[in-house]
Each structure stands twice: as structure tokens, then as C-alpha cells.
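Work through the exercises below with the sequence and the 3D structure at hand. Each task is followed by a stepwise solution.

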Amino acid sequence: MPTQQETRKSDVDAAPRAKGLGARLASSNTLWTGLVLVALCVLFSALRPDAFPTLFNAQNLLVQAAPLLMLAVGMTFVIITSGIDLSVGSVLVFSGVVSAMTMEGLSGGDATDAGWGVIAIGLVVALVGGALWGVLNGVLVAVARVPALIVTLGSFGAALGAAQLLTNGIDVRTVPSALRTTLGTGTSFGIVPNLVILAALVTLLAIWLLHTTAFGRYTYAIGSNAEAARRSGIKVTRHLIAVYALTGVLAGLAGFMSLAYFGTTTISGHSNDNLNAIAAVVLGGTSLFGGIGTVLGSVIGVFIPAVLDAGFVMAGVRPFWQPIAVGAVLVAAVWLDQRRRRARNNR
């Protein structure tokens with residue numbers, strides 16, 4: 001049996017550990033973002049208990065957020081490296097266009113009755129199309145040393161322009177019915193949309209990649225100090241190209257998912273996706289200064305604008321307030337991040 005003195009000593013030793021855990025939880029960006037999301041859900045459920053907290057509404061919310069989640073996951077990797085990618089929304093559109101046109105071309109001009117072989121080729125084309133834009137961005141940023149903001153702003157316009165040139169500005173509307181009824185609107189286990197399952201699997205893979213592999217460690221290291229990472233033996237140039245390529249691939253996947261859900265390419269429907277993805281990542285606690293961030297935080301961040309949008313509509317609030325609310329929360333998140341960085345630097 002421990003003596004009274006030993007018991008007191010163990011209590012004293014445990015106090016700093018408990019305090020440290022509490023402090024870490026209190027400073028956790030993911031925790032606070034999650035609490036904000038829960039508070040929004042509770043608020044809108046109280047305002048519209050007959051509409052907001054329903055299974056149908058939850059399914060719609062998850063499905064509509066799935067493509068944006070793919071963009072946000074890729075953006076998380078880029079921002080952790082202290083970069084940015086403004087082109088993901090346009091790359092989504094471009095990838096959807098080349099995928100739809102490829103499936104149309106392989107089906108004689110009408111892909112409505114196309115089989116899974118054609119659909120598989122369309123998926124590969126979408127992923128490759130997104131990857132090519134990502135590699136181009138990565139090469140210009142890492143090799144040519146052009147600022148990421150300028151490079152991806154240029155790609156934003158170029159990818160959208162290329163999509164419009166390929167289609168003459170007219171959406172491709174013959175999407176395989178098999179794709180729409182399975183991935184687009186199909187469900188598994190009776191209630192879970194297949195689109196959401198795909199997004200969840202990719203997100204789990206990204207969590208594993210970022211938090212348990214050398215690729216993830218190198219991503220954090222480059223974002224914290226690129227020169228130190230280079231001197232420690234990390235091939236910074238190659239890694240940055242790989243990160244931007246990964247972001248492009250995920251944007252291509254998002255384009256294919258959007259194609260499956262809407263049954264059309266929606267060329268003009270993704271103008272704000274790049275900003276929404278950045279907002280989701282920053283709201284989720286990823287620092288714009290690099291070196292800090294989690295995929296889980298970005299997942300939570302994605303649903304804040306989605307819940308605001310759905311909640312405002314159901315509560316009868318004009319939807320134009322949604323971007324104002326998201327913008328205000330985004331500025332607040334960046335301000336808090338700057339305060340935390342200054343506090344750490346002054347220790």
C-alpha cells in the first residue's frame with residue numbers, strides 16, 4: 001500500500017499532466033471548430049425543428065458537401081506546406097468536362113447508355129486531367145519559384161477558359177445513367193449515399209497519408225521551414241510538386257463526383273469552390289503560415305458553410321447572408337491564428 005506521502009506526491013505529479021491536457025484541449029482548433037458546428041446545428045434545429053434535423057436534410061447536406069470535401073482535403077496539404085491553390089474550382093470544372101466529353105466520344109455522341117468500361121475511362125481521364133494541372137502548378141511554384149498565389153490564380157483562369165473552349169461554353173448533358181444511379185444518387189445500407197462513402201474513404205486515406213507516413217512528415221517539415229527541411233535531406237522541390245499534383249487529382253475526383261451527382265458539367269456552378277475550400281481548411285485550424293493543420297479539422301470546416309447555407313434557407317434568412325457569415329468567421333479564424341503564432345514566438 002502507498003504511504004500518505006507517496007499519494008500526495010503522485011497527486012502533485014498528476015496535476016501538471018491534467019493541466020497540460022486541459023490546456024491542449026482548450027487550444028485545439030479542431031475542438032473549437034467542432035463546437036461551433038454543433039452550436040450551429042443546435043441553433044437551426046431549434047429554429048426549424050420540423051425541417052432541419054431530418055434524415056433527408058442530412059443526406060442532402062452530406063452529398064452536396066462531398067465534392068467540396070475533396071477540394072478541402074487537397075487544399076489542406078498545400079496550405080500546410082505554406083502554399084495556396086486558387087485553381088481547384090476551375091480544375092474541378094475542367095476535369096468534369098474532359099471526362100464527360102471522353103465518355104460521350106466513346107459512346108458515339110450520347111453517353112446515356114454507356115457501360116462501366118466507359119465510366120472507368122472517364123474517371124481516369126478526370127483524375128489525369130486534374131493531376132496535369134496540379135503538376136503544372138507544382139513545377140511553376142517549386143522549380144520556377146513563382147509565388148503560388150500568382151501561379152494558381154493564373155491556373156484558375158486558364159483551366160476554366162480551357163473548359164469553355166472545349167465545350168463552347170455549353171454544358172455536356174449526356175452522362176451515363178449507370179453512373180448517376182449508383183454513385184450520383186445511389187445509397188448503401190439503405191440510407192448512406194454512395195457519394196458520401198467515397199468521400200469518407202478518400203478522406204480516411206488522406207488522414208493516414210498526412211499523419212502516419214513520411215510524406216505527411218515531410219509536408220509539415222516543409223511548411224515549418226523549407227530551408228531546414230532541404231538541409232535535412234528532404235527533396236523539397238519534388239515533394240512540393242507531388243503535393244500540388246495530389247491536390248489536382250482530388251480536384252479531378254471532385255469533378256467526376258459532381259458530374260455523377262448533377263448529370264451535367266455545371267461549368268458556371270463552381271466559381272466560389274476554391275474560396276470555400278480555403279475557408280473550410282482555415283476554419284478547421286490549418287495555419288495559412290504553414291506547418292500546422294489536420295485533415296479532420298478541414299472535414300469539420302467544410303460543414304460550417306454548408307450548415308449555414310442550409311440553415312439560412314430553412315430559417316427564411318436571405319441566402320446572401322451566408323458568404324458574409326463565412327467571411328466574418330474566416331477573418332476571425334486567421335486573426336486568432338496570428339495571435340497564437342505571436343504568443344508562441346514571444347515565449
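**Exercise 1.** Is R231 buried or exposed?

Step 1. The structure is a predicted model, in which local features need pLDDT of at least 70, side-chain atom pairs count only at pLDDT 80 or more, and totals for chains, interfaces and linings use all residues. Residues are numbered from 1 along each chain as its sequence is written, and side-chain values use heavy atoms, with hydrogens and water left out.

Step 2. Buried means under 20% relative accessible area, exposed over 50%, and partly exposed in between (1.4 Å probe, protein chains only).

Step 3. R231 has a relative accessibility of 71%, so R231 counts as exposed.

**Exercise 2.** Find the salt bridges of the whole structure and state how they are linked.

Step 1. The criterion is a side-chain nitrogen of Lys or Arg within 4 Å of a carboxyl oxygen of Asp or Glu.

Step 2. In the pair R230 and E227, the closest N and O atoms are 3.2 Å apart. R231 also forms a salt bridge with E227, at 3.3 Å from N to O.

Step 3. Helices are DSSP runs (H or I, at least four residues), numbered from the N terminus. R230 and E227 both belong to helix 10 (residues 226-231) and are three residues apart, about one turn of the helix. R231 and E227 are separated by about one helical turn because they are four residues apart in helix 10.

Step 4. E227, R230 and R231 therefore form a network of salt bridges. E227 is partly exposed at 38%, and R230 is partly exposed at 33%.

**Exercise 3.** Describe the largest pocket by volume and lining.

Step 1. On a 1 Å grid over the protein atoms alone, a pocket is an open set of points where a 1.4 Å probe fits, with protein on both sides within 12 Å along at least five of seven lines; lining residues have an atom within 4 Å of a point. The volume is the space filled by probe spheres set on the points, with grid points joined across faces, edges and corners.

Step 2. The largest pocket holds about 880 Å³ of space.

Step 3. Its lining has 32 residues, and L68, D273, N276, D309 and Q322 lie nearest the centre.

Step 4. Helix 3 (55-80), helix 11 (236-262), helix 12 (273-283), helix 13 (295-315) and helix 14 (321-345) each supply at least two lining residues. Helix 3 gives the most, with nine residues.
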